[in-house]
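Good morning, and thank you for the time.

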Amino acid sequence: MPFRTLLAVQAEARPEHYRTAEAFKKRVFALLEPLSGTPAPRLAAFPELFGLPLLLHLEGGFAPKALLLDPLLPWRRARQAYGVFLEVMAEAARAFGAYLLAGSLLSPPYEEELARGRFSRTPFFQNLALFFNPKGRLLAQVPKMELTPPERWLRRGRFGPHLVETEAGKVGILICLDGFYERHLARLDALGAEILLQPSANPAPWERPWPPDPARKEGEVWVASAQARLLGREHLRLLLNPMLNGEVAGLGFQGRSGIYAPGEALRLAQNPTGDEALLLHL
């Protein structure tokens, strides 16, 4: 049976939601509450970098000068943040009976093995999105492939887990900038993806002049691009673009989340800041 309920979660990042695992769980469950009572199969998506503040604020916060005393601190904090992110999102997927894109965080990729438990094969950080099934199983750990200038210290991902075949259809996942590259879109379309999830975090004012053409606004170009992205495709028919807003690591993010069909916005957030749930019944 194909998906019957779609939810794109626009979320404002606030430090108080990330200081403890319990606070983070409460935040996630509140944002997913619009799914309650909706028909299954359900698909929900959080924004890019939704989990990053866990690395910065969980259990006391991260002071850069602490690196002088503990150079391995970022890796220890990343492991802790990844664990909370994984466990809370898996529980949320089970509780709401939804396929769930948990948004992304910055972390080395982790694996699970019976004798070794949770471990990482590499120390390199990536921008990683996690995708769960309604039983809370992690189906894919999706790395960002195209990096913005502030992300150049991260390890670039390789195409692979960006296509997930579920019982309700094939889902493509491209993190923010990845979704603006035609070669990635064409590849997912050729592989049969029907729904594209593009979690985003845009570190610029929504109403600023667009740098390549100052006669146009940033948000105007963003929405027009999303409406055009599915035109003429073989299989891709819907795009969920949940966006983060607020301040994270000294960067200010804004963006109106949307759910798009070829040539049109089916749902569009009212404002580029604050929380909003974009719900679509199919």
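Predicted model: local features only at pLDDT ≥ 70, side-chain atom pairs only at ≥ 80, totals over all residues.

The largest pocket has a volume of about 730 Å³. A pocket here is an open set of points, on a 1 Å grid over the protein atoms alone, where a 1.4 Å probe fits, with protein on both sides within 12 Å along at least five of seven lines. The points are joined across faces, edges and corners, and the volume is the space filled by probe spheres set on them. Residues are numbered from 1 along each chain as its sequence is written, and side-chain values use heavy atoms, with hydrogens and water left out.

Which residues lie nearest the centre of the largest pocket? They are Thr148, Pro150, Glu151, Ala201 and Pro203, out of 32 lining residues, where lining means having an atom within 4 Å of a point. Two or more lining residues come from each of α2 (52-57), α5 (218-228) and β15 (251-253). These elements are DSSP runs numbered from the N terminus: helices are H or I with at least four residues, strands E with at least two. Helix α5 gives the largest share, 4 residues. By type, the lining divides into 24 nonpolar, 3 polar and 5 charged residues; Ala, Val, Leu, Ile, Met, Phe, Trp, Tyr, Cys and Pro count as nonpolar, Asp, Glu, Lys and Arg as charged, and the others, Gly among them, as polar.

Let us turn to the interior. In soluble globular proteins, nonpolar side chains tend to be buried together. The largest nonpolar core has 45 residues, and among those touching the most other members are Phe24, Val28 and Leu32. Such a core is a set of buried Ala, Val, Leu, Ile, Met, Phe, Trp, Tyr and Cys residues joined through side-chain atoms within 4.5 Å, buried meaning under 20% relative accessible area, exposed over 50% and partly exposed in between, with a 1.4 Å probe and protein chains only. Helix α3 (73-96) gives the most to this core, with 12 residues. A second, separate core of 41 residues includes Phe131 and Tyr260. Beyond neighbours within four places in sequence, Leu32 is in contact (heavy atoms within 4.5 Å) with residues including Leu7, Phe46 and Leu100.

Next, the strands. In β3, 10 of 10 residues are buried. β3 pairs with β2 in the parallel sense over 4 bridges, and with β6 in the antiparallel sense over 6 bridges; pairing requires at least two DSSP bridges between the strands. Arg42 stands opposite Ala98 in β3, while Ser107 stands opposite Gln126 in β6. Elsewhere, a hairpin joins β8 to β9 through 2 residues.

Finally, the backbone. Most residues other than glycine have a negative phi, and most peptide bonds are trans. Where is a cis peptide bond found? One joins Ala40 and Pro41, with omega about 0°, and Pro41 is in the loop between α1 and β2. Glu59, in the loop between α2 and α3, has a positive phi of about 50°. Cys176, in the loop between β9 and α4, has phi near 40°, also a positive value. Is each of these two residues buried or exposed? Glu59 counts as exposed because its relative accessibility is 57%, whereas Cys176, at 8%, counts as buried.
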